[in-house]
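Visitor: I would like a short tour of this protein. Could you show it to me, please?

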Amino acid sequence: MTVSGKILIVDDEPAFIETYRDLLGDQGYSVITAKTTKEAVECFSDPDLGVILLDQKLQGSKGPDSGLDLIAIAREVCPAAKVIIATAYPDPHAIERAFAEGVYDYLEKNERLAAHLRAKVRNAMEVWRERRMAALKVDARE
């Protein structure tokens, strides 16, 4: 049995959504998107969600860092999915908060975005797949 996961891109900037879709789609990943916190939360229930690429500066009801507010919801609804925060505006407080809330990794939107994105998503998806396969093997024994 092949275990593959989906990548959820959560960003309110269409240009970044297309960039991520192109970069990750070219790598063979199944990509779904959400432009709002509401859309993102609806996607969190997908059992095949392996990676969530979450914009830190997502505009939401709590202001411009609503992406950080979604970390806790994602960790609760889909704890197996690996959350990667992406931002063009990194700051030490946001980085510390993101990791304290359980993100898998943090990605800066800069000139090295493509290379870093591919590597971070590949690593996160490998961890997700290994855990998913381990769970399937245990279930198969019972």
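Visitor: By about how many helical turns are E18 and R21 separated in helix α1?

Guide: This is a predicted model, where local features need pLDDT of at least 70, side-chain atom pairs count only at pLDDT 80 or more, and totals for chains, interfaces and linings use all residues. Residues are numbered from 1 along each chain as its sequence is written, and side-chain values use heavy atoms, with hydrogens and water left out. Helices are DSSP runs of H or I with at least four residues, strands are runs of E with at least two, and both are numbered from the N terminus. E18 and R21 are three residues apart in helix α1 (residues 14-25), so the separation is about one helical turn.

Visitor: How far apart are the closest N and O atoms of E18 and R21?

Guide: These two side chains form a salt bridge, meaning a side-chain nitrogen of Lys or Arg within 4 Å of a carboxyl oxygen of Asp or Glu. E18 is partly exposed, at 40% relative accessible area; partly exposed lies between buried (under 20%) and exposed (over 50%), using a 1.4 Å probe and protein chains only. R21 is partly exposed too, at 31%. The closest N and O atoms are 3.9 Å apart.

Visitor: How many residues apart are K6 and D46?

Guide: Their side chains meet in a salt bridge, 2.8 Å from N to O. K6 sits in strand β1 (residues 6-10), while D46 is in the loop between α2 (37-43) and β3 (49-55). The pair links distant parts of the chain, 40 residues apart.

Visitor: Which residues are linked with D55 in a network of salt bridges?

Guide: D55 is in strand β3, and K109 is in the loop between β5 (105-108) and α5, 54 residues away. Both are buried. The residues linked with D55 in the network are D11 and K109.

Visitor: In what order do the elements of the protein run?

Guide: The secondary structure comes to five helices and five strands. From the N terminus on, the order is β-α-β-α-β-α-β-α-β-α.
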